[in-house]
Amino acid sequence: MKKILITGGAGFIGSHVVRRFVTKYPEYHIYNLDALTYAGNLENIKDIENSENYTFVKGDIVDEAFINELFSIHHFDGVLHLAAESHVDRSIEDPLAFVKTNVIGTMNLLNAAKNQWKDNFEGKRFYHISTDEVYGSLGAEGLFTETTPYDPNSPYSASKASSDHFVRAYGETYGLPYVLTNCSNNYGSYHFPEKLIPLFINNIIHNKPLPVYGDGHYTRDWLFVEDHAIAIDLVFHEGKNHETYNIGGFNEWKNIDLVQLLCQLMDQKLDRAAGTSQQLITYVKDRPGHDLRYAIDATKINRELGWKPSVTFEEGLERTINWYLANEEWLKNVTSGAYKDYYKKQYS
Ligand code: NAD
Ligand code: TYD
């Protein structure tokens, strides 16, 4: 049985990846390593926690001795690395936390994998999950391709860019078999309500202001998280070693247009008069260093691996809103911090 380590599997994207791998691949044993920071929540994966091919490990990737010991005990065959500090606004407040987890943490995993696998890389794979934000900001035209030069602007994207460079360097220098993907903004269930879409859904439910940064004319390319999990599965199994693939939704939205659409849909779902939620829109001070536009050219992964988004934005957004409305308890727990008790109940 192959042993696969997934890091960050109690977070937003990681929980979808863990669920997919545990349910689709009974021939793998999945180890989910997560430090359960504010963004990690075992409620995100409680539906699979009793699966026979699944083990949760609480631990910090920044702890080098712990990571080395974990690898020496389990001899992993593959690593899917998603654990990260992931929120741009937090990176502006505390950049060092991002260097620790995103750079040092990635280095610890790379070293442990290299040392464990060095005598035989056959059948081994290190998959680093990264972001399109490493490419910096686009103007009104153009798309990010796999050869767009790195030009990160926020401490978050600088830390992810640094980790990407180390992954590539370990491939070149030590022959570590890696694949790397750079993905656009995800949305969907289990998304922590500090990011635009879940924050605004939560605020609309509670009639709280919707803080639009600057003039709202910033553009993001939105991808349904379950489509991202499908792409990750495909790249892990069929991607070529030492290759990068961009993953995006071909789905650009200006923030203000997206927020207007969300307000409209939420009014319908909540049986509120048309225009009610729109009144909550509040323009606030802009984010420093705010990237104007991200948009991915995902033709390489389409051409080489046959992946394309399976869900339209209308469908994905509707499913997302329905999920949050059906899971208000989850929202309440994460906004109150109560979800931390779940770990204590299950594991201590
Ligand atoms: P998230 O913040 O929801 O989850 C991150 C997870 O990592 C949490 O469960 C947290 O507890 C864990 N973690 C954080 N620090 C850790 C540490 N030191 N040791 C062990 N675990 C730790 O993040 P996400 O949105 O699911 O993003 C997952 C990955 O995908 C990240 O690498 C991120 O850079 C990348 N990514 C995210 C997006 C997006 O739109 N969310 C887009 C492109 C790429
Ligand atoms: P976010 O979800 O934080 O993702 P990222 O910064 O990684 O793209 O933000 C998406 C866009 O929404 C970004 O342009 C910043 C903007 N934004 C707001 O206008 N208000 C908010 O409260 C948040 C969280 C984001």
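1. Let's start with ligand 1. Its shell is made of 29 residues, and those closest to it are Asp34, Asp60, Ser86, Tyr156 and Lys160; a residue is near a molecule if one of its heavy atoms lies within 4 Å of it. Please keep in mind that this is a predicted model, in which local features need pLDDT of at least 70, side-chain atom pairs count only at pLDDT 80 or more, and totals for chains, interfaces and linings use all residues. Residues are numbered from 1 along each chain as its sequence is written, chains are lettered from A and ligands numbered from 1 in the order in which they are written, and side-chain values use heavy atoms, with hydrogens and water left out.

2. Which atoms hold polar contacts with ligand 1? A polar contact is a pair of N or O atoms within 3.5 Å; within protein, one must be able to donate a hydrogen and the other to accept it, and residues adjacent in sequence count only if both atoms are side-chain atoms. A polar backbone atom of Ile13 lies 2.8 Å from an oxygen atom of ligand 1, and a polar backbone atom of Ala35 lies 3.0 Å from a nitrogen atom of the ligand. Ser86 takes part through its side chain, where an N or O atom is 2.7 Å from an oxygen atom of ligand 1. The protein buries 96% of the 830 Å² that ligand 1 exposes when taken alone; such accessible areas come from the Shrake-Rupley method with a 1.4 Å probe, and for residues only the protein chains shown count as cover.

3. Where does the shell around ligand 1 come from in the fold? Helix H1 (12-24), strand E5 (125-131), helix H5 (155-174) and strand E7 (185-187) each give at least two residues, and the largest share, three residues, belongs to E5. Helices (H or I, at least four residues) and strands (E, at least two) are DSSP runs, numbered from the N terminus. By class, the shell holds 14 nonpolar, twelve polar and three charged residues. Here Ala, Val, Leu, Ile, Met, Phe, Trp, Tyr, Cys and Pro count as nonpolar, Asp, Glu, Lys and Arg as charged, and the others, Gly among them, as polar.

4. A polar atom of the Ser15 side chain is 2.8 Å from the backbone oxygen of Phe12. Beyond its neighbours within four places in sequence, Ser15 is in contact (heavy atoms within 4.5 Å) with Gly8, Gly9, Asn44, Ile45 and Tyr190.

5. Now for ligand 2, which is surrounded by 18 residues, the closest being Glu133, Pro211, Arg220, Arg287 and His290. From a side chain, an N or O atom of Arg220 comes to 2.8 Å of an oxygen atom of ligand 2. Alone, ligand 2 exposes 510 Å², of which the protein buries 97%. Helix H6 (196-205) and strand E8 (210-213) are the elements giving two or more residues to this shell, which has nine nonpolar, four polar and five charged residues.

6. Not counting residues up to four places away in sequence, Ser184 touches Asp132, Asp221, Leu223, Ile247, Gly248, Gly249 and Ile296.

7. Val284 lies in strand E12 (residues 281-284) and has 31% relative accessibility, so it counts as partly exposed. Leaving out residues up to four places away in sequence, Val284 touches Pro211, Val212, Tyr213 and Gly214. Gly139 sits in the loop between E5 and H5, and with a relative accessible area of 38% it is partly exposed. The C-alpha atoms of Gly139 and Thr219 are separated by 9.9 Å, although the two are 80 residues apart along the chain.

8. Finally, helix H7 is mostly covered, with ten of its 14 residues buried, including Val225, His228, Ile232 and Phe236.

Key: Buried < 20%, exposed > 50% of the residue type's maximum accessible area, 1.4 Å probe, protein only.
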